[in-house]
Amino acid sequence: MNTYVVCMDSSWVRDSQMFDIVGLTDDELADLDMCGTDNEGRWHDMEPTPFIAVIKAENEEEACKNAAIEMRYDPRCLFAIKVSE
């Protein structure tokens, strides 16, 4: 058995953005209103690779199928990266 990290292929994800916290202190982060209009400029588009699961399987296809069953996704939208044998 091998260990795989299974992720959603980014082509199946839409409108992914991340909030840029560069330059903010811990105190500023604690009081931050991310959804406020003052911080709209801190949101940036990103290329997602959403983590789905860590799965033990014989190969990438089996890892995607097992993760899809466990997490209720279609396995055709997933990919697996082997991290250990």
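Mentor: Gladly, and let's start with a pair of residues: Cys-7 has Phe-51 as its bridge partner in strand S4. Keep in mind that the model is predicted. S1 itself covers residues 2-8, and six of its seven residues are buried.

Now follow the chain into the loop between S1 and strand S2, where you will find Ser-16. Ser-16 counts as buried because its relative accessibility is 18%, under the 20% cut-off. Leaving aside residues up to four places away in sequence, Ser-16 is in contact with His-44, Asp-45, Met-46 and Pro-48.

As for the charged side chains, the whole structure holds four salt bridges. One of them links Arg-14 to Asp-15, with 3.4 Å between the closest N and O atoms, and both of these residues are exposed. Another joins Lys-65 and Glu-61 at 3.1 Å, N to O; the two sit four residues apart in helix H2, about one turn of the helix. Lys-65 is partly exposed at 43% relative accessibility, while Glu-61 is exposed at 53%. Then there is Arg-76 with Asp-74, whose closest N and O atoms are 2.6 Å apart. Arg-76 is exposed, with a relative accessible area of 69%, and Asp-74 is partly exposed at 30%.

Key
Residues numbered from 1 in each chain as written. Predicted model: local features only at pLDDT ≥ 70, side-chain atom pairs only at ≥ 80, totals over all residues. Heavy atoms only, no water. Buried < 20%, exposed > 50% of the residue type's maximum accessible area, 1.4 Å probe, protein only. Pairing = 2+ DSSP bridges. Contact = heavy atoms within 4.5 Å.
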